[in-house]
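Hi,

Here's the model I said I'd pass on.

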2 protein chains.
Amino acid sequence: MHTCPEAMGHCKKINEVLARVGDRWSVLVIFSLRNGKRRFNELKRELNISQRMLSLTLRDLERDGLISRHYHPTIPPKVEYDLTDLGQSLRGPVKVMTEWALANHEAIDTARAAFDEQAAEAAA
Amino acid sequence: MHTCPEAMGHCKKINEVLARVGDRWSVLVIFSLRNGKRRFNELKRELNISQRMLSLTLRDLERDGLISRHYHPTIPPKVEYDLTDLGQSLRGPVKVMTEWALANHEAIDTARAAFDEQAAEAAA
DNA sequence: CCGCATCCATTTGGATACTG
DNA sequence: CAGTATCCAAATGGATGCGG
């Protein structure tokens with residue numbers, strides 16, 4: 001049966017996790033840390049994200065145990081972010097998703113353009 | 001080198017795609033259609049989503065070519081949604097992500113609780 | 001049954017200014 | 001350099017009522 005109750009129960013948990021790591025920036029930060037630690041402004045430049053959103057995203061990822069934050073009290077200060085073991089375990093899924101994104105980016109654009117043209121015709 | 005320019009250029013495209021399928025509901029709808037076509041209210045009940053959001057999500061997924069919509073002009077009306085080939089190609093990545101979500105749901109909760117407790121101590 | 005339109009509360013996110 | 005705080009605009013999302 002396609003409505004097996006376990007899948008239904010899973011849905012809620014999956015939803016919760018996706019609401020956490022499925023926001024606009026989290027996956028991209030994980031992606032940027034795939035090859036090792038990065039500094040705050042390195043991430044900012046690479047992702048073209050506002051200071052505010054990077055700050056919030058990093059805090060949430062740290063809170064969820066996905067990244068670690070290491071503060072060096074030098075002058076000027078230096079803060080490095082890195083993936084935790086839990087964060088490392090997300091690299092696989094993220095890699096799969098990003099590869100799909102790259103492979104199908106244009107297919108989506110094409111479908112979208114076709115849909116919009118259909119809608120425009122219907123309106124005429 | 002971890003700052004290879006291709007990865008930087010990729011970032012933007014990945015971001016665009018994730019902004020599309022990475023919203024709160026899209027992945028769950030894909031997940032719900034993994035075993036074949038479903039009707040509007042079936043999805044609504046299964047996902048515990050508001051009518052409005054399901055409607056919007058289905059429309060966007062159709063626009064992006066990920067699902068198909070088949071309308072039966074019966075009385076009462078009947079509308080079935082199904083994955084397109086492009087949507088089918090997302091099943092793999094979505095499966096990987098949902099399995100990670102299920103496997104690490106509790107680890108995230110634990111990390112979050114620990115972080116919040118630390119913050120509470122620091123405040124005291 | 002399916003789904004759009006409207007209203008309204010909540011959330012998100014950019015811009016700017018300021019601190020250690 | 002690495003943030004936090006504030007203000008404000010825009011997007012998101014639920015509730016309700018209506019129409020095919």
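**Between the two chains**

In this predicted model, chain A and chain B share four salt bridges (a side-chain nitrogen of Lys or Arg within 4 Å of a carboxyl oxygen of Asp or Glu). One salt bridge joins Asp116(B) to Arg63(A), with the closest N and O atoms 2.8 Å apart. H6(A) gives the most to the side of chain A that touches chain B, at 16 residues (helices are DSSP runs of H or I, at least four residues, and strands are runs of E, at least two, numbered from the N terminus).

Contact here means heavy atoms within 4.5 Å, and 51 residues of chain A are in contact with 52 residues of chain B. The two chains bury about 5,300 Å² between them, 68% of it on carbon and sulfur atoms (accessible area, 1.4 Å probe, lost on being put together, summed over both parts).

**Around the DNA**

17 residues surround DNA strand C, and the closest include Arg52(A) and Phe40(B) (near means a heavy atom within 4 Å). Gln51(B) has a side-chain N or O atom 2.5 Å from a base nitrogen of DNA strand C.

Residues are numbered from 1 along each chain as its sequence is written, with chains lettered from A and ligands numbered from 1 in the order written. Local features need pLDDT of at least 70 and side-chain atom pairs 80 or more, while totals for chains, interfaces and linings use all residues; side-chain values use heavy atoms, leaving out hydrogens and water.

Cheers

Technical notes
Polar contact = N/O pair within 3.5 Å; in protein donor to acceptor, adjacent residues only side chain to side chain.
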